[in-house]
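The points are grouped by topic.

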Amino acid sequence: MTTRGVLYVHSAPRALCPHVEWAVAGVLGTRVSLDWIRQPAAPGTWRSEFSWQGEAGTASKLASALRGWHLLRFEVTAEPSAAAEGERYSCTPDLGIFHAVTGIHGDILIPEDRLRAALVRSQSGESDLEAELAKLLGQPWDDELEPFRYAGEGAPVRWLHQVV
């Protein structure tokens with residue numbers, strides 16, 4: 001079963017760009033050439049978007065291939081298919097990697113055991129429930145990546161695929 005998704009490289013130093021392409025090519029099993037544009041949110045870095053198609057699980061393979069580079073900010077999404085839920089991975093140098101399962105409308109689906117664990121941590125005074133829920137929804141990653149998501153004038157337009 002195949003799915004499709006998008007790799008968003010929000011910021012990468014210029015020297016890392018070919019390595020990102022090689023890593024993506026290694027996962028997809030085909031030559032990859034990304035269109036890089038300057039990232040105005042972090043001078044000296046570059047950004048790119050790449051639509052991909054592959055087997056279910058490709059998003060996790062892409063995220064795994066890219067997560068080791070400290071100066072890289074990226075997101076990988078996979079659309080849901082008949083055989084699998086959608087996925088979203090977000091990664092920043094400071095926070096590391098975030099993974100969420102997404103439903104057909106893009107909503108984050110939080111497993112029951114993770115909700116229960118968050119509740120236990122908040123009830124024991126270990127943390128605040130609001131902060132726990134924010135982490136489960138990926139809010140710290142969204143907060144850090146938001147300035148990088150806007151690419152400035154001339155950014156490519158990403159058309160969404162129709163859900164049927």
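**Salt bridges and their surroundings**

R121 is partly exposed, with a relative accessible area of 27%; buried means under 20% relative accessible area, exposed over 50%, and partly exposed in between, with a 1.4 Å probe and protein chains only. The model is predicted, so local features need pLDDT of at least 70 and side-chain atom pairs count only at pLDDT 80 or more, whereas totals for chains, interfaces and linings use all residues. Residues are numbered from 1 along each chain as its sequence is written, and side-chain values use heavy atoms, with hydrogens and water left out. Helices (H or I, at least four residues) and strands (E, at least two) are DSSP runs, numbered from the N terminus.

*E132 and its partners*

- R121 forms a salt bridge with E132, and the closest N and O atoms are 2.7 Å apart; a salt bridge is a side-chain nitrogen of Lys or Arg within 4 Å of a carboxyl oxygen of Asp or Glu.
- This pair links distant parts of the chain, with E132 in helix α4 (residues 129-136) and R121 in helix α3 (residues 112-123), 11 residues apart.
- E132 counts as buried, at 4% relative accessibility.
- A salt bridge also joins E132 to K135, where the closest N and O atoms are 3.8 Å apart.
- E132 and K135 are separated by about one helical turn, because they are three residues apart in helix α4.
- K135 is partly exposed, its relative accessible area being 43%.

- The whole structure contains 10 salt bridges.
- One of them joins D142 to R88, with the closest N and O atoms 2.4 Å apart.
- D142 belongs to helix α5 (residues 139-149) and R88 to strand β5 (residues 86-92), so the pair ties together parts that are 54 residues apart in sequence.
- D142 is buried at a relative accessible area of 18%, and R88 is buried at 12%.
- A network of salt bridges links E75, R88, D142, E146 and R149.

- β5 is largely enclosed by the rest of the structure, because seven of its seven residues are buried.
- Both faces of β5 are covered, with G86, R88, S90 and T92 buried on one side and E87, Y89 and C91 buried on the other.
- Strand β4 (residues 73-78) runs antiparallel to β5, and five bridges join the two; strands pair if DSSP finds at least two bridges between them.
- H99 in β6 is the bridge partner of Y89.
- β5 and β6 form a hairpin, with three residues between them.

- Strand β3 (residues 45-55) is mostly covered, since eight of its 11 residues are buried.
- β3 runs antiparallel to strand β1 (residues 2-13), and 10 bridges join them.
- Within this pairing, S48 in β3 is the bridge partner of V9.
- Strand β2 (residues 37-38) pairs with β3 in the antiparallel sense over two bridges, and R38 stands opposite W46 in β3.
- β2 and β3 form a hairpin with six residues between them, and G44 in the turn has a positive phi of about 90°.
- W52 has its place in strand β3 and is buried, with a relative accessible area of 4%.
- Beyond its neighbours within four places in sequence, W52 is in contact with residues including L7, L28, L62 and V76; contact means heavy atoms within 4.5 Å.
- W52 and D143 are 91 residues apart in sequence and 26 Å apart in space, C-alpha to C-alpha.

**Packing of helices α1 and α2**

- Two packed helices are described by the angle between their axes and the distance between the axes.
- Helix α1 (residues 17-28) packs against helix α2 (residues 58-66) at an angle of about 145°, with their axes 9 Å apart; axes are lines fitted to C-alpha atoms, for helices over the stretch in contact, and angles run from 0 to 180 degrees between N-to-C directions.
- V20, A23, V24, V27 and L28 in α1 meet T58, K61, L62, A65 and L66 in α2.
- By class, this contact of α1 with α2 has eight nonpolar, one polar and one charged residues; Ala, Val, Leu, Ile, Met, Phe, Trp, Tyr, Cys and Pro count as nonpolar, Asp, Glu, Lys and Arg as charged, and the others, Gly among them, as polar.
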